[in-house]
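Where do aromatic rings meet in this chain, and where do charges sit over them? Take a look at the sequence and the model.

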Amino acid sequence: MEKRIIIIGGGPGGYTAAIRAAQLGAKVTLIEKEALGGTCLNKGCIPTKAFYRNAELVNNLKASADFGIGLSGFSLDAGKMQERKDGIVNQLVNGVAQLMKANNIEVINGKASLEDAHSESLKEEALKKVKITLEDGSEKVVEGDSIIIASGSHTFVPPIKGADLEGVLTSDDIINFKEIPESLIVIGGGVIGMEFGAIFNSFGTKVTIVEALPSILNMVDGETVKRLNPMLKKKGIEVHTSAMVKSIEKTEDGLQVKVEGKKGELLLEGSKVLIAAGRRPNVENLNLEGAGIIYDRKGIGTDKGFETNIKGIYAIGDVNGKWMLAHAASHQGVEVAERIMGIESAGSTLIPNCIFIFPEIASLGATEEQLKEQGVNYKTSKFLFGANGKALALGEGEGFIKVISDEENRIIGVHILGPHASDIIHEAVPIINEKLKVEDVKHMVHAHPTLSEAFYEAVLGLNNEAIHLVPSRRK
Ligand code: NAI
């Protein structure tokens, strides 16, 4: 019999699950209260990458003299940047709508909530019901064999005095900037804070990052952050770590942020403040409690197959709080759709991480810190982009690729700081997934002149066989 699947949320997790389930013959209903594409397409990954490209172009223009190109000047038009971003977002959102149609997926605009646990519908083997409040306030109930909750996450604003002042923004607000701020104080040195900081720094904004922990980008390989710090300083990005924001106040010219730092109290002045202190799963208004689904502020609890404590109800993407990355959500969507349709899908916990700052950061697999903690013996090899012809030709010779291998010479971690790190990291995806050894990669010829050669040389370095590495740097 045809399986009916209800999906709550049309972001990368939900719409991917919908398409895969439809491909496998399911009748799918997808419920979305806002625009298809979710945070990623509408106010996250895609809009920021549109602006990242603006920032990259500005950086190139600033460096034009180094390339022998004389410029009499250039100006930035925030309105035009927004128009371009909106065009990209609309194209992608419309594309998702077309895919829904082409795959015969029913899309309902409205707010979904689950039925109470005592209702027949939540009993095993019974059809599950979801109540939808439509835009006009009317209600509708849909039924399915399985439910996939892919409701995403929202920005988290910590209880800081003055966080509600005008000019204090979240990522949802700043993405629609009307003008380029003179100065920006970023609360939180995680991925969102650093990405917006990098973009606005390129646009000429004076950027100050305030991070509560001893290091920015806390989850990134320590050596990578250590090398990044002086690069940020050179670009004029001021970073305060181990610094807690106490309050925000309005001043005549803008905003003042009071910070308790390593050396006592700091008063930072900015025309705008961005709060980038994390995101929280969207667990509200779904009647999770009523339905008896176990969840907490970190998200909906699931087993390894992303099934909640109620059989037939799954939670994927940001709402299960496991990765909070669009590509992790999409992969979980495919996995769960296949599982529901009777295919035992091979899941993966190897999720690449990419941070779009200047230069880019990308990583996959173990960090040295994790291996030390686990007491695992490992070897590292590093290749600097300064010794890579393509990187120098691009004028981007800063950074490195670090590769980590285990005792059997299998590659288990790759960490990149440098140009196109987010593309190069995909060399590591099949290698680490397939548990390949240095010897396996050695005979994979890499084209010249490319940035990928830096990866190849870093791998060879694990066997002390890198060609463009002076012997003293080999270990
Ligand atoms: P995050 O959790 O990565 O970082 C937030 C940072 O703010 C933490 O380092 C925390 O210590 C700090 N913080 C919290 N309260 C503070 C306070 N009162 N004062 C000073 N510092 C404070 O969260 P973020 O950056 O908001 O990102 C949310 C999620 O979105 C993450 O899971 C991230 O991976 C994901 N994301 C991924 C992107 C990518 O893959 N390129 C891009 C943007 C977001």
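## The model and its ring pairs

The model is predicted. It holds six aromatic pairs. Two of them are described below.

## Tyr52 and Phe356

Tyr52 and Phe356 form an edge-to-face pair. Their centres lie 5.8 Å apart, and the angle between the planes is 80°. Planes over 60 degrees apart count as edge-to-face, which is why the pair gets that label.

Tyr52 is buried, at 6% relative accessible area. Phe356 also counts as buried, with a relative accessibility of 19%.

## Phe177 and Phe203

The rings of Phe177 and Phe203 make a tilted pair, because their planes meet at 55°. Their centres are 6.3 Å apart.

Again the pair links distant parts of the chain, 26 residues apart. Phe177 is in the loop between helix H5 (171-174) and strand E9 (183-187). Phe203 is in the loop between helix H6 (191-202) and strand E10 (206-210). Phe177 is buried at 6% relative accessibility. Phe203 is buried at 7%.

Both rings belong to a cluster. Ring pairs join Phe177 and Phe203 with Phe51 and Phe200 there.

## Charges over Phe400

Which charged ends sit over the ring of Phe400? One is that of Arg227, 4.9 Å from the ring centre. Another is that of Lys382, 6.0 Å from the centre.

Technical notes:
Residues are numbered from 1 along each chain as its sequence is written. This is a predicted model: local features need pLDDT of at least 70, side-chain atom pairs count only at pLDDT 80 or more; totals for chains, interfaces and linings use all residues. Side-chain values use heavy atoms; hydrogens and water are left out. Rings of Phe, Tyr and Trp (its six-membered ring) pair if their centres lie within 6.5 Å; planes under 30 degrees apart count as stacked, over 60 as edge-to-face and the rest as tilted. Buried means under 20% relative accessible area, exposed over 50%, partly exposed in between (1.4 Å probe, protein chains only). Helices (H or I, at least four residues) and strands (E, at least two) are DSSP runs, numbered from the N terminus. A charge sits over a ring if NZ of Lys or CZ of Arg is within 6 Å of the ring centre and within 35 degrees of the ring normal.
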